[in-house]
Protein chains: 6
Amino acid sequence: MSKNEAAPRAGGRAADALRPVRLTRHYTRYAEGSVLVEFGETKVLCTASVEEKVPPHKRGSGEGWVTAEYGMLPRATHTRGDREAARGKQSGRTQEIQRLIGRSLRCVFDLGALGERTIALDCDVIQADGGTRTAAITGAYVAAHDAVSWLLAQGKITASPIKDAVAAISVGIVDGVPLLDLEYTEDSACDTDMNVVMTGAGGFVELQGTAEGVAFTRAEMNSLLDLAEKGIRELLAAQKAALAAA
Amino acid sequence: MSKNEAAPRAGGRAADALRPVRLTRHYTRYAEGSVLVEFGETKVLCTASVEEKVPPHKRGSGEGWVTAEYGMLPRATHTRGDREAARGKQSGRTQEIQRLIGRSLRCVFDLGALGERTIALDCDVIQADGGTRTAAITGAYVAAHDAVSWLLAQGKITASPIKDAVAAISVGIVDGVPLLDLEYTEDSACDTDMNVVMTGAGGFVELQGTAEGVAFTRAEMNSLLDLAEKGIRELLAAQKAALAAA
Amino acid sequence: MSKNEAAPRAGGRAADALRPVRLTRHYTRYAEGSVLVEFGETKVLCTASVEEKVPPHKRGSGEGWVTAEYGMLPRATHTRGDREAARGKQSGRTQEIQRLIGRSLRCVFDLGALGERTIALDCDVIQADGGTRTAAITGAYVAAHDAVSWLLAQGKITASPIKDAVAAISVGIVDGVPLLDLEYTEDSACDTDMNVVMTGAGGFVELQGTAEGVAFTRAEMNSLLDLAEKGIRELLAAQKAALAAA
Amino acid sequence: MSKNEAAPRAGGRAADALRPVRLTRHYTRYAEGSVLVEFGETKVLCTASVEEKVPPHKRGSGEGWVTAEYGMLPRATHTRGDREAARGKQSGRTQEIQRLIGRSLRCVFDLGALGERTIALDCDVIQADGGTRTAAITGAYVAAHDAVSWLLAQGKITASPIKDAVAAISVGIVDGVPLLDLEYTEDSACDTDMNVVMTGAGGFVELQGTAEGVAFTRAEMNSLLDLAEKGIRELLAAQKAALAAA
Amino acid sequence: MSKNEAAPRAGGRAADALRPVRLTRHYTRYAEGSVLVEFGETKVLCTASVEEKVPPHKRGSGEGWVTAEYGMLPRATHTRGDREAARGKQSGRTQEIQRLIGRSLRCVFDLGALGERTIALDCDVIQADGGTRTAAITGAYVAAHDAVSWLLAQGKITASPIKDAVAAISVGIVDGVPLLDLEYTEDSACDTDMNVVMTGAGGFVELQGTAEGVAFTRAEMNSLLDLAEKGIRELLAAQKAALAAA
Amino acid sequence: MSKNEAAPRAGGRAADALRPVRLTRHYTRYAEGSVLVEFGETKVLCTASVEEKVPPHKRGSGEGWVTAEYGMLPRATHTRGDREAARGKQSGRTQEIQRLIGRSLRCVFDLGALGERTIALDCDVIQADGGTRTAAITGAYVAAHDAVSWLLAQGKITASPIKDAVAAISVGIVDGVPLLDLEYTEDSACDTDMNVVMTGAGGFVELQGTAEGVAFTRAEMNSLLDLAEKGIRELLAAQKAALAAA
């Protein structure tokens, strides 16, 4: 197999194909928004909780806040990982991911229109097969949308503070071939890995590319972005369809 | 309504009836045992992970170990709770519950027959409506059983170290009436709350009764134990049925 | 020696006998209540501190709070244990015990009659020979009573918020024989261990039975409760006598 | 001023100009590499320490490791920040940055050629005026290079494990105008902020773009990358000149 | 009252008089040395534990180690203090004191003659009325001596590693008058406070003087040292007498 | 070489000579006071930050506060030390030093005249060659003075709250010879080590003497204090000269 001929993907998936995407709303009962998002075997429960308070830096500002926390069940992965609560601190990776989710969602929110309250997004990985942070962003948007619908239904706000949709996908180069939506084995083997967060209008919100071992060229980056744009458009359609259902 | 006439239970449930119990095996892919246990709206994911190491106090003993950790997703409950990993420590309640689960499961294990390895049980509450610790014990047994079957299939052990089944239920007195399997609203209102852990052979493994406000009599305790025994027999049957399925 | 014939107890103690119980009031000077409780060689210093504030969940409620903390001096035991302050966290066992003490004492308090203040009970084990948590509850009651007398003497309250006495004892089955008030070597060897907390009126406040290795039957439980009731009646008498002294 | 006409930059700096860059080697005495890097008023002390041990995941692998830690003196900024050591934990931002520095440097190292030892890079911000993480990467490379020279001089290795140079710069869009090397006031005001890490050969190692409020287009991203490439070429030249000096 | 005429001391104590000193050996059962030391109302339990291991920096050195930990029961003081184990860290004051005790004791030990083992000194304040750290050092010496006697009796060492005795006292200037052995109210009121640690041979081991508000002169320091030497000679005699008893 | 004939000091320094002292004001830009203090190769950055708030125990008192924090960059020393922020806590040594600096500075401040605000002194060791705490105190005084000048210039206070100058030096006995201002190799080798903090008026503020192995006599102490007084007078002159410069 030449360097530029990648191993066939699991299930015969095309290089530019997403894994099956499922967005199950109302997955749990109590949260104002609760969505199980699945990218193939990656499963993340995203809940959106409305809290009638804001962090200190927003108090008295008239503006609200959108924040995110991320966690992984100890056996979401092939080998059991430490429970962060037992170890007494969140890893750098966890903090990096939850900051990314928070920024991505805030980017499509008009915090003034939200009013002085918080939407707390909890993204907990039930099963991990690559792409958990991008699945989390994609699912958290739907959960946040349901929480906003609840606020509207309750009469707490009269117009939606959501300005646009937002979704995310990973792309990477494996054996020289750009691939969309990496699963775990691909992610481990890839030379370059990029997470792309994009709005409904097609603007980038976050873009994080990392070379694993070998630096990547601008041409490679461009082909990855092409793939990512294609994938995110499909995710945005899936979000829309999920939200259109009763 | 007189003191001894309790409010009718949700869904017309009888005082001595369990909520619908579901045990879904193979709920996630990677763990050697993975069971979603549901007691009505209480849902706990129990995974059993085999680890080829033991804690320091067992090293070189030839014996294995069975341990448990417990967690609750922040929005498993009516109002969002702090994420313990973010707060940097597990609450006393969490530690108390995970110690209880660990002791309960160890009681039915022959640690010598397990060999010098650990079965780590992770019990994560996806949705909480009362009875999470008893559901966790009941589900963890099935997950542990699947992990043992995996060890047998792998040829790592030749005989099962499981000596008996184990299951658990909560009972309590609400408005003077003994009730089986309390759901959240009943648990909040109850005078006395008891968690009972019992083996297949009918012996008690753990018994934790707590008066909430008013002390309870020995007669009340006896009627609670009668209820608990009835409920646990049904749970043991449900475990057996689940394990009998392919 | 047959299975049902236990080794004679240290000092020729009968199976249903408590160790010598001593309750020394005013053991230290500053606390509103300060009691050294001794169950044989187990020695626990229980202080009750009155604090004119309540935890957040009671603020503005008009009700008070009773809380407990538990600690063990590093060399209270046969081999030196880690200092929890140095290690940076309390063990699960410590938290379990201090929650038990707190619940047990609150059960005999009318928190409304206490007024919006806290009685903080500190139970520090000077020397441990089994039964530290039950000694702590028994001594903490006397310390709390002294703190209430101080509140009355100061005119801060006009009627006692204490509704009843409370005391606790451990019981267990060693080599098939039910024993009252286990000392350390018995506790290590026992099959079943139960801690019972009871009020002056004879109601149960807490009941925690744990099988060590072998599950216990309901008949065994009943004989343990008989023993516990006998022991607690003696402890209640000892508390009464201690409080009657000047 | 139109949206696309930015305020003139401090000191009349052109949109595509770096601030004055200074790389002072041998800044402190003990470290195997010690470099003060200045991007204008941003000053970061980068030390490289050689340690004859590796983290657990590399033990026995024959490979070495390159790692980084990042810190900021409390009064490096306009208002005093908490000391992370006093607060007892590193912020998410700190961890994110030190992970970025570590990955960036590892990308140009042949860990096998380094041998089973660690180069620990400490990047401490003495004064912060924007771009601290990019200055840190740029300075850490020079410090790491000096540590490698020391290893060669000591005869501990016979060939350099450094495969290429690496440097980093920030770019951003302020009032619609793409700017190179943002200082603090520009960083606070910018719509989009991108950190770019590039090798001597011109490949990307890391690329992190974040929209602040408004998503950015692919065209904007391309103009930012053009700026970044220009700036990094100048930084690579400055590194080369610094290392050529005695 | 003129500046140089201090208030009479409690109980008519002379300026150069110690409070009553009591050293009760064998205060608890399990420790190799266990001493309750009382300086008036200050009561500190000092236990010495022999551990057959040494900290990392002594492993393989053939030398032993002497270390100390210090704690205060929450209600040892007039108002209840936080429990350090509950708060999750030891205060700076606690660490300062335990480092002082450790250094003071190590100064009279021949660590080589001790052999590769540790004597761990736990000093826990039961009641505090000023001078807890000096009482702790004075009592810890006696406890350490008992632990050494135990080591000799066990045949683990054949000659005592103790080179000299060590004791400590506080002195201070209150209203211009130098006082020996400050109790709490004097300590709070004093201008200058000095802790002096001295050996049996009369050499200083530690000397820590602190001005509270007003700096002190060398003449004042000299009069304080005169007082301290007198007091420590009496403490050394009390230690000798205690150790001479059976 | 006889016991009382010390090895010649580095650079031919006399036993009673300070290392070259440099006090560089305005070392960084943002702090109200910022001083790099150098005692030979020991370099400490001292910043003074004015904060318009006070700690809880001073709120509403009308008085201000002066506090200090101390840190050491990981590679300030010969071998790399752990980063305290990464380890999650400050060492006992660090806390001891920052408490010493805080007390020393408060001793020359009229906290009432400062008004209800805090001067926070951050002392960060860039390079350590012995005497970091005494350099820190000496430099922190100059930084605090600059912060007070800023307060006066801003019109926030109308009279200086500084009552006197304060400086500090270490002295020690090496091979029987008393030496002023120990550098690292001397500090490691010394029998006795003393840190002395003195005011402009010649009073002692702090005096901390520690025997390393061999106790010291009062005569030795006196010769050390003579040396310290000489050294501190020179430091006070250096502070004055630095503050006299524009």
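Helices (H or I, at least four residues) and strands (E, at least two) are DSSP runs, numbered from the N terminus. The structure is a predicted model, in which local features need pLDDT of at least 70 and side-chain atom pairs count only at pLDDT 80 or more, while totals for chains, interfaces and linings use all residues. Residues are numbered from 1 along each chain as its sequence is written, chains are lettered from A and ligands numbered from 1 in the order in which they are written, and side-chain values use heavy atoms, with hydrogens and water left out.

In chain A, an unreviewed UniProt entry lists A:Arg93, A:Gly131, A:Thr132 and A:Arg133 under "binding site". These residues span 41 residues in sequence, yet no two of their C-alpha atoms are more than 13.5 Å apart, so they gather at one spot. UniProt positions are given in the numbering used here, feature names are shortened, and annotations may be inferred rather than shown by experiment.

A:Thr132 is found in helix 4 of chain A, and A:Gly131 is placed in the loop between strand 5 (118-127) and helix 4 (132-153). A:Gly131 is buried, with a relative accessible area of 14%; A:Thr132 is also buried, at 5%. Buried here means under 20% relative accessible area, exposed over 50%, and partly exposed in between (1.4 Å probe, protein chains only). Neighbours within four places in sequence aside, A:Gly131 is in contact (heavy atoms within 4.5 Å) with A:Arg19, A:Phe39, A:Thr42 and A:Leu182. With residues up to four places away in sequence not counted, A:Thr132 touches A:Thr42, A:Val44, A:Tyr70, A:Met72, A:Arg93 and A:Val125.

Between chains D and F, 38 residues of chain D are in contact with 38 residues of chain F. The two chains bury about 3000 Å² between them, 50% of it on carbon and sulfur atoms; buried area is the accessible area (1.4 Å probe) that two parts lose on being put together, summed over both. Chain D and chain F are joined by 14 salt bridges, each a side-chain nitrogen of Lys or Arg within 4 Å of a carboxyl oxygen of Asp or Glu. One of them links F:Glu69 with D:Arg80, the closest N and O atoms being 3.0 Å apart. The elements that give two or more residues to the side of chain D that touches chain F are strand 3 (42-51), strand 4 (65-72), helix 1 (84-87) and strand 5 (118-127) of chain D.

By contrast, no contact joins chain C and chain D, whose closest C-alpha atoms lie 12 Å apart.
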